[in-house]
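Here are some notes to read with the model open beside you. They go from the whole chain down to a few side chains.

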Amino acid sequence: MRKPEAVRRHLPTSPFKAKAEAPRKHFALGDRVTHDAYGLGRVIGVEGDTAVLVDFGSRQERITEPYTGMFNL
């Protein structure tokens with residue numbers, strides 16, 4: 001059994017730069033998207049900043065944040 005990894009935090013006195021956070025992804029109604037598992041689709045619903053509903057042609061999927069594997073076209 002492994003111990004959970006400790007969260008590393010940046011110290012202000014460190015000579016190394018802090019790791020930059022990736023920009024948040026935003027999707028709007030009608031956006032064309034691609035997903036690693038589902039392929040090409042169109043956003044048909046947006047639930048605030050937490051989830052989007054995407055029509056992939058043969059099926060509709062609700063994708064939640066952080067939208068791993070999904071990108072705007």
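1. The chain has a radius of gyration of 17 Å, whereas a compact globule of 73 residues would be near 11 Å. That radius is taken over C-alpha atoms, and the globule rule is 2.2 Å times the number of residues to the power 0.38. Along its principal axes, the C-alpha trace spans about 50 × 30 × 20 Å.

2. A word on what you're looking at. This is a predicted model, where local features need pLDDT of at least 70 and side-chain atom pairs count only at pLDDT 80 or more, while totals for chains, interfaces and linings use all residues. Residues are numbered from 1 along each chain as its sequence is written, and side-chain values use heavy atoms, with hydrogens and water left out.

3. Now the secondary structure. You'll find five strands and zero helices in the chain, running β-β-β-β-β from the N terminus on. Both kinds of element are DSSP runs numbered from the N terminus: helices are H or I with at least four residues, strands E with at least two.

4. How much of the chain is buried? Buried residues make up 21% of the 73; buried means under 20% relative accessible area, exposed over 50%, and partly exposed in between (1.4 Å probe, protein chains only). As for contacts (heavy atoms within 4.5 Å), take those between residues at least 6 apart in sequence: 30% of them join residues at least 24 apart.

5. On to the aromatic side chains, where the structure holds two pairs. Rings of Phe, Tyr and Trp (its six-membered ring) pair if their centres lie within 6.5 Å; planes under 30 degrees apart count as stacked, over 60 as edge-to-face and the rest as tilted. Phe27 and Tyr67 have ring centres 5.1 Å apart and planes at 80°, so they are edge-to-face. The two sit 40 residues apart, with Phe27 in the segment before β1 (32-35) and Tyr67 in the loop between β4 (60-64) and β5 (70-72). Phe27 is buried at 11% relative accessible area, and Tyr67 is buried too, at 3%.

6. Which way do the rings of Tyr38 and Phe56 pair? Their planes are at 35° and their centres 5.2 Å apart, so this pair is tilted. Tyr38 lies in the loop between β1 and β2 (39-47), and Phe56, 18 residues away, in the loop between β3 (51-55) and β4. Tyr38 is partly exposed at 32% relative accessibility, while Phe56 is buried at 10%.
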